[in-house]
Amino acid sequence: MMATAPGKCFLVTGPPGVGKTTLIMRVFETLKTSNPTLKIQGFYTREIREGIERVGFEVVTLDGRKAPLASTTISTPESIRWPTVGKYKVDIASFEALALPELQIKEDTDLFIIDEVGKMELFSSPFFPAVLKVLESNIPLLASVPIPKFGRDIPAVARLRDHPGAKIFTLRPSNRDAVKEQIYTQLVDSE
């Protein structure tokens, strides 16, 4: 049985569109193929497109359940009060109902995947405390975080970056394969 690296926090960062989610999902697929018994919990965020236009984001659990995260097209009486990021309205209740249970600490969890710890997700007040609990659990965490905008970091993201166990991988088109290999190798490295 392989041991995942305990207490390690792998943070993937980089500009929007560089492939953070794709990289995290490739690491996940490789881990599942090489270690089918691994218990991996978490979620990733995926774009919703209509034709070539991005109209929102959905949150997807690792076993394939989906819920809306943000949208440009939604217009309901409730959505008027929702917070916005750029042109997107953030559906906090939908995000929390799907994502928060995925962050519950279980004895037999080998790895958490959180894509991403970003501005939209952080509108949920219980979300960051749940992320911190994962960090404190000593179960390895693979997460994506946005790159600081105009030199300003989101305080919660800065806390993750500054965590003593955090390793930061800055993704560029030129290093995607190398970073995937590094993260995979360090995750499966037996102590």
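Predicted model: local features only at pLDDT ≥ 70, side-chain atom pairs only at ≥ 80, totals over all residues.
Two strands count as paired if DSSP finds at least two bridges between them.

Strands of a sheet pair through backbone hydrogen bonds, either parallel or antiparallel.

| Strand pair | Sense | Bridges | Example of facing residues |
|---|---|---|---|
| E7 and E8 | parallel | four | Ile-113 and Leu-142 |
| E2 and E7 | parallel | four | Gln-41 and Phe-112 |
| E2 and E3 | antiparallel | eight | Ile-48 and Gly-56 |

These pairs belong to an open sheet of nine strands with mixed pairing, in the order E5-E6-E4-E3-E2-E7-E8-E1-E9. At its edges are strand E5, residues 84-85, and strand E9, residues 166-170, each of which pairs on one side only.

Strand E8 covers residues 141-144. Which of its residues point one way, and which the other? Leu-141 and Ala-143 point one way from E8, while Leu-142 and Ser-144 point the other way, and all of them are buried. Ser-144 of E8 also stands opposite Asp-115.

## Helices and the order of elements

The protein has five helices as well as its nine strands. Along the sequence, these elements follow the pattern β-α-β-β-β-β-β-α-β-α-β-α-β-α.

Helix H1, residues 20-34, packs on the sheet and touches strands E1, E2, E7 and E8. The direction of H1 makes about 135 degrees with that of E2. Helix H2, residues 92-102, lies across strands E2, E3, E4, E6 and E7, and runs at about 135 degrees to E4.

An α-helix has 3.6 residues a turn, so residues three or four places apart point the same way. In H2, the buried residues are Ser-94, Phe-95, Leu-98, Ala-99, Leu-100 and Glu-102. What do these buried residues pack against? Their partners are strands E2, E3, E4 and E7, together with helix H3.

## The nonpolar interior

In soluble globular proteins, nonpolar side chains tend to be buried together. The largest nonpolar core of this model has 35 residues, and Leu-103, Ile-114, Val-117 and Phe-127 have the most contacts inside it. Helix H3, residues 127-136, supplies the largest share of this core, with seven residues. Apart from this core lies another, of 23 residues, including Leu-23, Ile-24, Val-60 and Leu-142.

Leaving aside neighbours within four places in sequence, Phe-127 is in contact with Phe-43, Phe-95, Leu-100, Leu-103, Ile-114, Glu-116, Val-117, Glu-121 and Leu-122.

## Backbone details

Most residues other than glycine have a negative phi, and most peptide bonds are trans. Glu-116 is found in the loop between E7 and H3. Asn-138 has a positive phi of about 70 degrees although it is not a glycine, and this residue lies in the loop between H3 and E8. A glycine with a positive phi, near 65 degrees, is Gly-51, in the hairpin of E2 and E3, where two residues stand between the strands.

## Overall dimensions

Why can the overall size of the protein be said to agree with that of a compact globule? A compact globule of 191 residues would have a radius of gyration near 16 Å, and the protein has 16 Å, which agrees. The C-alpha atoms fill a box of roughly 50 × 35 × 30 Å along the principal axes.

Of the 191 residues, 49% count as buried. The protein exposes about 9800 Å², of which carbon and sulfur atoms supply 54%. Among contacts between residues at least 6 apart in sequence, 67% join residues at least 24 apart.

Methods. Residues numbered from 1 in each chain as written. Heavy atoms only, no water. Contact = heavy atoms within 4.5 Å. Axes fitted to C-alpha atoms, helices over the stretch in contact; angles between N-to-C directions. Rg over C-alpha atoms; globule rule 2.2 N^0.38 Å. Buried < 20%, exposed > 50% of the residue type's maximum accessible area, 1.4 Å probe, protein only. Areas by Shrake-Rupley, 256 points an atom, 1.4 Å probe, with all protein chains shown as cover. Core = buried A, V, L, I, M, F, W, Y, C linked by side-chain atoms within 4.5 Å.
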